[in-house]
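Hi there,

Here is the structure I promised to pass on. Have a look at it first, and then read my notes below.

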Amino acid sequence: MVKKAKTILPIGNKEIISILDINNEISPCNNFLGKKRVWKAYFTLVELIVAVVILVTGILFIYESFFTSLNVSSYAQHYIYAQLWMDNKIESIENDLKRYKAPLFPQTRGYFDVYNKKFLWDLSYSFSEGTDKIDMYRITLKVKWRESKRNIELVRATYIYFKKE
């Protein structure tokens, strides 16, 4: 006669009662439960693979959004530098026109660098009809640069006037 003992095996949220003989071998009547435990282990492996795939997909989306935000931040920074440079250039032209009463534009094209970023600029001007006491010039300033895969161009047009003496 073979002595048998009852043991409780916890699996997940359920407890399975298995009947073991003295040699701690699963008895033939409980063989189905043993196979189910093995299948449960494979199922958790599949769950683990699915969880890793979902996690990697989420990390890739976060990674992509991080670099997108870096590109937007870089664009905004370069845009501000170009705007400030354009403000300074137009103010310089305005001061020269008021001081010398004539356009002094020795350079109408060029480039400037800001933190190893090359900005190309182009200046055009034309005399506009004024009055007997006021002369006016139309100034158009363009600044271009390459941002990632895009070519960016800012254009600012203004009128500068000065009084005749």
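How many bridges join β5 to β6? There are 14 of them, and the two strands run antiparallel. Two strands count as paired if DSSP finds at least two bridges between them.

Before the rest, a word on what you are looking at. This is a predicted model, in which local features need pLDDT of at least 70 and side-chain atom pairs count only at pLDDT 80 or more, while totals for chains, interfaces and linings use all residues. Residues are numbered from 1 along each chain as its sequence is written, and side-chain values use heavy atoms, with hydrogens and water left out.

**The overall layout**

The protein has one helix and six strands, and from the N terminus on they come in the order β-β-α-β-β-β-β. Helices (H or I, at least four residues) and strands (E, at least two) are DSSP runs, numbered from the N terminus. Of the 165 residues, 21% count as buried. Here buried means under 20% relative accessible area, exposed means over 50%, and partly exposed is in between (1.4 Å probe, protein chains only). The protein exposes about 13,000 Å², and carbon and sulfur atoms supply 58% of that. Accessible areas come from the Shrake-Rupley method with a 1.4 Å probe, and for residues only the protein chains shown count as cover.

**The sheet**

Now for the strands. Four of them make an open sheet in the order β3-β4-β5-β6, with antiparallel pairing. β3 and β6 (150-163) are at the edges with a single partner strand each, so one side of each has no neighbour in the sheet. From one strand to the next, the twist averages 25° (axes are lines fitted to C-alpha atoms, for helices over the stretch in contact, and angles run from 0 to 180 degrees between N-to-C directions).

You can walk through the sheet pair by pair:

- β3 (residues 109-114) and β4 (residues 117-128) pair in the antiparallel sense over six bridges. Phe112 stands opposite Phe119 in β4.
- β4 and β5 (residues 134-147) are antiparallel too, joined by nine bridges. Leu120 faces Lys144 in β5 as its opposite residue, and the hairpin has five residues between the two strands.

**A turn worth a look**

Which residues sit between β3 and β4? The hairpin has two residues there, and both Tyr115 and Asn116 lie in that loop. Tyr115 has a positive phi of about 50° although it is not a glycine. Asn116, also not a glycine, has a positive phi of about 65°. Tyr115 is exposed, with a relative accessible area of 70%, and Asn116 is exposed as well, at 82%.

**Salt bridges**

Side chains of opposite charge can pair when their charged atoms come close. A search of the whole structure finds four salt bridges, each being a side-chain nitrogen of Lys or Arg within 4 Å of a carboxyl oxygen of Asp or Glu.

- Asp87 and Arg156 have their closest N and O atoms 2.1 Å apart. Asp87 is in helix α1 and Arg156 in strand β6, so the pair ties together parts that are 69 residues apart in sequence. Asp87 is partly exposed at 36% relative accessibility, and so is Arg156 at 23%.
- Asp96 and Arg99 come to 3.5 Å between their closest N and O atoms. They are three residues apart in helix α1, or about one helical turn. Arg99 is exposed, at 54%.
- Glu153 and Lys144 have 3.7 Å between their closest N and O atoms. Glu153 is partly exposed at 43%, and Lys144 at 37%.

**A nonpolar patch**

Last one: find Val53 in helix α1 (residues 31-100). Val53 belongs to a nonpolar patch on the surface, whose members include Leu45, Tyr63, Phe66 and Leu70 and which has about 1,000 Å² of accessible area together. Patches are made of residues with over 30% relative accessible area and no salt bridge, with like charges joined within 9 Å and nonpolar side chains (Val, Leu, Ile, Met, Phe, Trp, Tyr) within 5 Å.
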